[in-house]
Amino acid sequence: MQVLAGDIGGTKTLLAICDVSQADGRTGALTIEVLASSRYESRSFSGVGAICRAFASEVRRPMPRRAGFGVAGPVTNGRSHTTNLPWILDEKELAHALGIDSVRLANDFHALALGIPAVKAADLVTLNEGVRDPKGACAVIGAGTGLGEAIATLSAAGQREVLASEGGHSSFAPRSELEIAVLEFLMRRYDHVSCERVLSGDGLVNLAEAIAQVTGMTPDAALAESIEDDRDNAPAAITAGAAAGDPLCRRTVELFCEIYGAEAGNLALKTLATGGVYVAGGIAPKILDFMKDGRFREAFVSKGRMRPVLEHIPVQIVLDTGAGVLGAATLAARESQLAPQTRNPPSTSQE
């Protein structure tokens, strides 16, 4: 079966036509082959329909009759108002606009969790070896434009089921004097300081500004100008500065990794993710050396009496930027297999 699959983020949208077949009739495992794909800047379009029409024109092939989209925002009753884009998406309206049989929407991390089994081993970087329980729950966390979290379990039939989560918007819990100072700085800026306020692209900028004020370290002229006049591009300037050895940028990225590891550990404990924790999102691959230097892992396992539990939970970074598309293809394929009365409710988790 061919399906249209999309990963719709606040910054970029990935679309693909995928061929989905059942590899294992007993467990429902799927084989997914990407036949054509393209990437688009989300803000350059008025909505998903416009991007799909551009994609159809580019690939010059008929659009499949079923589509699945992972959306960076909450999805309730087949409808979503995207978090970082001024779009309102509706399954029935999209299907009608595209002239296809059905559209299924889910939060982008719901889709990502469905796509993890299809990610190749070469696209996974291990941060903590652990011992994976193939029947255990797994967790996905990813910092990018925002912070997404998802939880997946296996049904009795061996099919992956995703649980809704708004974990990225839970409260930031500082663990050191510096992190407490960061929280105090951000409390003067936001009514609620969530994990996303420090673990995201804009979170990197927030951390740099807070560290500069707390420690007296000053950004160089180029970074200061970027933060002031071009905030959307400031995260890239910070990660580039860290790689080049700039003291403020380096400390910012180091603290980011520490907080990231701590929140991943929190998620692992709350879900008892013995099936593994997967770190996704666009930031981790850009700061891979920092993620691998031990800071993330130490913050992940540093949970007092629970340290032995966390030391046994595998943690891997997902390098495959198309994992969300694979999950969206799974979403579309499942739609054709589910009768309306047994269809699962859409996810309400959020990046």
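Predicted model: local features only at pLDDT ≥ 70, side-chain atom pairs only at ≥ 80, totals over all residues.
Let's start with Arg104 and Glu91. Their side chains meet in a salt bridge, at 4.0 Å from N to O. Arg104 sits in strand S7, residues 102-107, and Glu91 in helix H2, residues 91-98, so this pair links distant parts of the chain, 13 residues apart. Both Arg104 and Glu91 are buried.

Now on to Arg295. Which residues does Arg295 pair with? One is Glu254, with a salt bridge of 3.3 Å, N to O. Arg295 is in helix H10, residues 295-301, while Glu254 is in helix H8, residues 247-271, so the bridge ties together parts 41 residues apart in sequence. Another is Glu258, where the closest N and O atoms are 2.9 Å apart. Glu258 is in helix H8 too, so here the parts tied together are 37 residues apart in sequence.

Buried or exposed? Glu254 is buried, at 10% relative accessible area, and Glu258 is buried as well, at 15%. Arg295 has 29% relative accessibility, so it counts as partly exposed. And there's a network here: salt bridges link Arg250, Arg251, Glu254, Glu258, Asp293 and Arg295.

Last stop, two helices. The axes of H6, residues 221-229, and H7, residues 234-244, come within 9 Å and cross at roughly 160°. That's over 145 degrees, so H6 is roughly antiparallel to H7. The crossing is left-handed. Leu223, Ser226 and Ile227 of H6 make the contact with Ala234, Ala237 and Ile238 of H7. By type, that's five nonpolar, one polar and no charged residues.

Key: Residues numbered from 1 in each chain as written. Heavy atoms only, no water. Axes fitted to C-alpha atoms, helices over the stretch in contact; angles between N-to-C directions. Helix = DSSP H or I, 4+ residues; strand = E, 2+ residues; numbered from the N terminus. Parallel < 35°, antiparallel > 145°, perpendicular 65-115°, else oblique. Left-handed = near helix turned anticlockwise from the far one by under 90°. Contact = heavy atoms within 4.5 Å. Nonpolar A, V, L, I, M, F, W, Y, C, P; charged D, E, K, R; others polar. Buried < 20%, exposed > 50% of the residue type's maximum accessible area, 1.4 Å probe, protein only.
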